[in-house]
Amino acid sequence: MERAIEKNLAPKGIILGIKPLFDGVVAEGATAGFEVLAVGPDMKQRALPKVGWVLNRVRTRYQWYENYGNWNYEPITTRTRVASGEVALGLDGGTGLEAAVDWGNYELKLETLEGDYLSATYSFYAGWYAPVSSGNTPDTLEVGLNKDVYKIGEVAELRLVPRYAGTALVTVVSNRLIAMKTVEVVEGENLINLDVTEDWGAGAYVTASVIRPMNVAAGRNPARAIGLNWASVDPGAHRLSAEFLTPDEVGPRATMTAALKVGGVKPGDQAWVTIAAVDVGVLNLTGFKSPDPDGHYFGQRKLGMEIRDVYGRLIDGLQGAAGQIRSGGDGPLADRMQSPPPTEELVAYFSGPLLVDSDGLVSTDFDLPAFNGTVRLMAVVWSETGVGQASKDVLVRDPVVLTASLPKFLAPYDESRILIELAHAKGPAGDVGLAVSASDGLFVDTARMPTTVTLGKGEKVTLALPIAAPASGTPEISIALTMPDGQVLTKTLILPIRANDPEIARTTRVELPDGETFTLDGNVFAGFLPGTGRATLAVGPIARFDAPGLLSALDRYPYGCTEQITSKALPLLYFNQVATSLGLSEKQNVSDRIDQAIAEVLSNQSSNGAFGLWRPGSGDLWLDSYVSDFLSRARSKGFIVPQQAFRLAMDNLRNRINYAQDFEKGGEAIAYALLVLAREGAANIGDLRYYADAKAAEFATPLALAQLGAALASYGDQTRADAMFRLAGKRLDKVKNQKEGQFWRVDYGTNLRDTAAVLTLAVEAGSEVLDQRALALRITPAATVNRGRSTQENMWSLMAANALIEDTPADAFLINGVPAGGPVVQVLDAQTGADRVVEVLNQSGKSASTVLTAYGIPNEPEPAGGNGYAIDRFYYKLDGTQVSPDKVALNERLVVILKITPSQYSEARLMVSDPLPAGFEIDNPNLMKSGDVKALDWVKLNANPQNTEFRADRFLAAVDWSSKENFQLAYFVRAISPGTFRHPAASVEDMYRPQFRARTGVGTVKITP
């Protein structure tokens, strides 16, 4: 939130004021006029009988000098008096003065000639242009054009004001060179004519470089100055006009007609329009600006050509020192903002393309909800030959404006209040009837709420109603107002009930004999908080690896780095039918989800083709290979991967392999990159054989050996491929029963992940040298009981399942008496189908595996504790005083400190999650290191998060940590709603070894009004 307050500051004494009687630039040869006066601290005019004034022409030149062998310069400013005089300042308005000016920089100076000394100055420019980028540096050339906008066929006059005589190279450029000429120029003013042609398009840059050669006899160095100016070209008939005819004010809960009048369309041409209607508050939160095709097509463009200037590399012929370029600039970065989910319907509508009729009119209707505020109508107009736009703010309000404030969400059984504000805006005043109701078990205490509220003209009334959350659901609160004239106004609010505690997973595996029935019902959710459970059931071959459970776990994974996005999407290439059975396609079509994943990972691709984990970056070759593997497999399945992006990804792998350094222990990323390149036919067979024959023993992981083997198999060298898989199998046997260590792995892996991936690649490569059955048993649910899995482990286990699972006959199993028709996958959701009963009959003729995985939040929260780490959460006032969150005042601002302590030296990619109680809101997302807020010098932070997210319901931070020391993170919260709220546990986990994790205890937050 940002507020701006403007106030006038009273001067200590009398001050002189100068008001120019011209706008910006005085015309060359014209008279510059001013009004001057004097005012006191009370801002009333004061009389000064004797004030002198001087108008000076200001010129700047530069003096170069040598200091300790280095050249530098200083500006030398000279002032030449043009006119002067004396005036008496009275009490009745300003006193006028004027003087004729030519061109150039001028300065008007006032000073008192008697009494206390006072002075004032005003600088301005005279001429038919103002110089652009005329910085205080000798390397910048003053350039200007005689018009703001030109028409094709006109002659543009370019004025150059070099500080020395020389040769000027004048160019007209856009994204290409349009015109070029050389002109001899003199010191001072020079005029150069340029023909405005069609090649100028919507505008062009005019650049000029003035070069002076070195003169050894005169002891003068070479010099150059560069200037640039933008010349706009009038688009003429290519600019269409548009104007909204919609009234300035409309009412909510009604249809708003957005009518538009379009002009400038050529006879016989068709024009099209899109119209959007969006809440101005939403636009302000997101920093959205109205579409501006006029500015896009006809406005100033970024310079599309590079200016390569070697002046700074020239050797000073007199001193042997390198010259310097002494001009430059920079620009700010835009903030990224996130907004919480709405509790009421958003006003954000879009019409799609609409055809403009022959009279230039077009309209569309938008059904407005119970909304009070300002809606911005935005239109984009286009035809075969022109574009245009229009924008208009429309006020939407009821006779009585109802504003309801409530928490963005509540946890089960939380208690808070809803604040209702009624403000009379228009229409008759008097008694207003009030009724409030809620659904889905949400309790609203209306016992002391008046059923009638008396509102006078312009008056406001505020009411607070206690509320209590149910166990689950998404209740609606309905507020109805009956106006004095009998009109009924209603407003509906949505209040999500969300348990933010960490989920747990329970997996049960049983054998289902032939002819027996397995029953799935609501009992599977016993021990979970109501409404938080979800269960997946797999029967038959697909249950061997619990493919539905793994796929569901990936889908539910709450974070989203490049690796995690890839891991979620890659199995969907092979498990479309299972994903559909799980209901994943209900959220979004599986193909669309894969397309979205492709777009998301490519948004983290750098210009060199590499990928960053949380944003565009480079340096992680294993991640580059993993994402490129996904893109390659997606292309082979028929999905569209942009050719340029894919080519850059392959070029990046090829370049990294070509420049790869030798290693004594490692090579994980090299092996993966070679596999991806080999699959695309882009690997060098000599490289593959060298690494297999000379470096096999030095690869650090069994997966790297298997990837090298798979790459060789794709080139037909099965002998070497089998040798690599044998070595990989021996490596897996060595670590079979080893405890997983807390050390850094560049390949995001574990022994479990390596086992699943080696098995997958062996099957894909057609190698039979491994005991596939034995490896498969190591990654089944039975082998990983009571152990969470990382995204890498889940993804590669699914890939192994895809490689090994056999097809299921359509009638092998009956689901509630109906043939399954394929893989037996069933899903039960506690919110939508807790009463549903699923009976699976096995008639396959043999015993079948059955795996049931249930996810949910336990009724009894787990106590504080952890494995490998400990986490503590503290609250402080801004002065550093520690406080307890069980008693916080409304609107109080606190600093949350999260302290993570390893139990021993460890290396990990950690994710820290701190779910918020419903009464808190993250207040300032920028406090991530103590230096950001100097007033909080007591906050000692020693971590540099790779990524942070400030969501409406939690704080997240990804931290790479390799130490035995603890680290701290901090952020601001504000108490925004009074009440009693569940305080979920904060947690930290190793994202790729999730058995190493820790959590705080669960508590209660009380916020007092």
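**The second largest cavity**

Reply: By class, 5 nonpolar, 1 polar and 5 charged residues form the lining of the second largest cavity, where Ala, Val, Leu, Ile, Met, Phe, Trp, Tyr, Cys and Pro count as nonpolar, Asp, Glu, Lys and Arg as charged, and the others, Gly among them, as polar. This is a predicted model, in which local features need pLDDT of at least 70 and side-chain atom pairs count only at pLDDT 80 or more, while totals for chains, interfaces and linings use all residues. Residues are numbered from 1 along each chain as its sequence is written, and side-chain values use heavy atoms, with hydrogens and water left out.

The lining residues are Phe743, Trp744, Arg745, Tyr748, Gly749, Glu907, Ala908, Arg909, Asp990, Tyr992 and Arg993; a cavity is here a set of points on a 1 Å grid over the protein atoms alone where a 1.4 Å probe fits but cannot get out, and lining residues have an atom within 4 Å of a point. Its volume is about 80 Å³, taken as the space filled by probe spheres set on the points, which are joined across faces, edges and corners. Strand S47 (residues 906-915) contributes the most to this lining, with 3 residues, strands being DSSP runs (E, at least two residues) and helices likewise (H or I, at least four), numbered from the N terminus.

One of the lining residues, Arg745, also forms a salt bridge with Asp747, the closest N and O atoms being 2.8 Å apart; the term requires a side-chain nitrogen of Lys or Arg within 4 Å of a carboxyl oxygen of Asp or Glu. Both Asp747 and Arg745 are buried, that is, under 20% relative accessible area, whereas exposed means over 50% and partly exposed in between (1.4 Å probe, protein chains only).

Elsewhere, the side chains of Arg974 and Asp923 meet in a salt bridge (3.1 Å, N to O). Because Arg974 lies in strand S51 (residues 967-975) and Asp923 in the loop between strand S48 (920-922) and strand S49 (947-950), this pair ties together parts that are 51 residues apart in sequence. Arg974 is partly exposed, with a relative accessible area of 26%, and Asp923, at 27%, counts as partly exposed.

For context, the search of the whole structure finds 3 cavities of 30 Å³ or more, and the largest cavity holds about 90 Å³ of space.

Notes: On a 1 Å grid over the protein atoms alone, a cavity is a set of points where a 1.4 Å probe fits but cannot get out, and a pocket is an open set with protein on both sides within 12 Å along at least five of seven lines; lining residues have an atom within 4 Å of a point.
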